[in-house]
Every structure is written in C-alpha cells, then in structure tokens.
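Hi,

Here is the structure I promised to hand over. Have a look at it first, and my notes follow below.

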Amino acid sequence: MKKELDILIIEDVSRDADLIESELGDAGLRHRSRRVVDQKTFLDALRTARPDIILSDYSMPEFSGLRAVELLQSSGREIPFILISGTVGEDVAVEAMRRGATDYLLKDRIVRLGSAVERALRETAGAHGGGEFPTFLDHADERGIGAFRRGLAVENRLRLFVGK
C-alpha cells in the first residue's frame, strides 16, 4: 500500500490553497493536508503533527514564508520546505534558500508543484542516508499522470524558448 503524503500548507488565501490542492491532485500525489494561516497555528502544527513537507506562501498579512522557514530551522526538524509566491523575485528566492527552504515556485508556474515536491522529498531522504524513498504518486490516476506529463512538457518547451 502506498503511503499518503502529509502536507502542511501555510496560505491565507483560500483560493490559492485550493489551487495548491488541485495541482497536487493533478500531479497524482496521494496526500492529506492541513492548512494554517499564521505563526501561532504554524507553531502548533509543528508541535502536534509530523508533516512530510511544508508548502508556504511567501507573503501574508500576519506571517511570511521567510519567517516560517526560520521557525522551522530553529525547531531542529528537517522537513522539506517549498516557498510558493506570485511575487517573489530572484533575490528573495535566493534568501529563502539561504535560510533553509528546499525550493521555491512562482504561482504562475504551479504546474511544477508535483515534481518539486517529489524532488524535495528525494533530496531530503538522500541527505539523511534514508533508505528507499516512498512513492506518493498514485499510478492508477491516469488523469493525474497526464496532467503531470503535460506540465513537464510545457516547462521543457518554455526552457527551450527562453534558453534556460
């Protein structure tokens, strides 16, 4: 039986949280999630839950993704952390990675979320000498696989177009 991915989502806008959930499903990732919206609920979640990965918005009225990654680092827990933003510039992304974020995504490139989650989990497992990496991809979900592949194809075409 495949493991279900436990995801902690830090996002204050319901529509954006729904978009994240949708993309995870479209990528075929079997998961359950918990959404928090501020520092207090984030710290409560870190104390009471064992998420496999954290996905965080960059900018919120009462909290920020950079603050969340700092709190995660100070907790001593090594959980992959992906910063997701509609506005993050390269300088902010570099700063987030310097502070301990595993990856960052722009909301307009959210189709990369499934592959970014898988990669972050693999990197974390590899860094800790973990054994076999558990798969969260539900291969029975052909719709999800198709969406995942289409997203990769679009991303590859964009790379060719912009030369990166």
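To start with the strands: which residue in β2 is the bridge partner of I10? The partner is V36. The chain passes from β1 through helix α1 (residues 14-26) to β2, and this β-α-β crossover is right-handed (with the strands pointing away from you, the path from the first strand over the helix to the second runs clockwise). Strands β1 (residues 5-10) and β2 (residues 31-36) run parallel and are joined by six bridges; two strands count as paired if DSSP finds at least two bridges between them.

Before you go further, please note that this is a predicted model: local features need pLDDT of at least 70, side-chain atom pairs count only at pLDDT 80 or more, and totals for chains, interfaces and linings use all residues. Residues are numbered from 1 along each chain as its sequence is written, and side-chain values use heavy atoms, with hydrogens and water left out.

Now the overall layout. There are six helices and five strands, taken as DSSP runs numbered from the N terminus (helices are H or I, at least four residues; strands are E, at least two). From the N terminus, the order is β-α-β-α-β-α-β-α-β-α-α. Of the chain's 164 residues, 44% count as buried (buried is under 20% relative accessible area, exposed is over 50%, partly exposed is in between, with a 1.4 Å probe and protein chains only). Among contacts with a separation of 6 or more, 68% are between residues 24 or more positions apart; contact here means heavy atoms within 4.5 Å.

Next, the inside. A nonpolar core is a set of buried Ala, Val, Leu, Ile, Met, Phe, Trp, Tyr and Cys residues joined through side-chain atoms within 4.5 Å. The largest one has 19 residues, and I10, F42, I54, F63, L72 and F81 touch the most other members. The elements giving two or more residues to this core are β1, α2 (39-48), α3 (65-75) and β4 (81-85), and α3 gives the most, with five residues. Leaving aside residues up to four places away in sequence, L72 touches F42, L46, I54, R77, I79 and F81. There is also a second, separate core of 18 residues, which includes I20, L24, A27 and L55.

Then the charged pairs. I get 13 salt bridges, counting a side-chain nitrogen of Lys or Arg within 4 Å of a carboxyl oxygen of Asp or Glu. D44 is partly exposed at 23% relative accessible area, while K40 is exposed at 58% and R47 is exposed at 61%.

Over in helix α5 (residues 113-127), E118 and R122 lie four residues apart, about one turn, and their side chains meet in a salt bridge (3.6 Å, N to O). E118 is buried at 9%, whereas R122 is partly exposed at 47%.

Cheers
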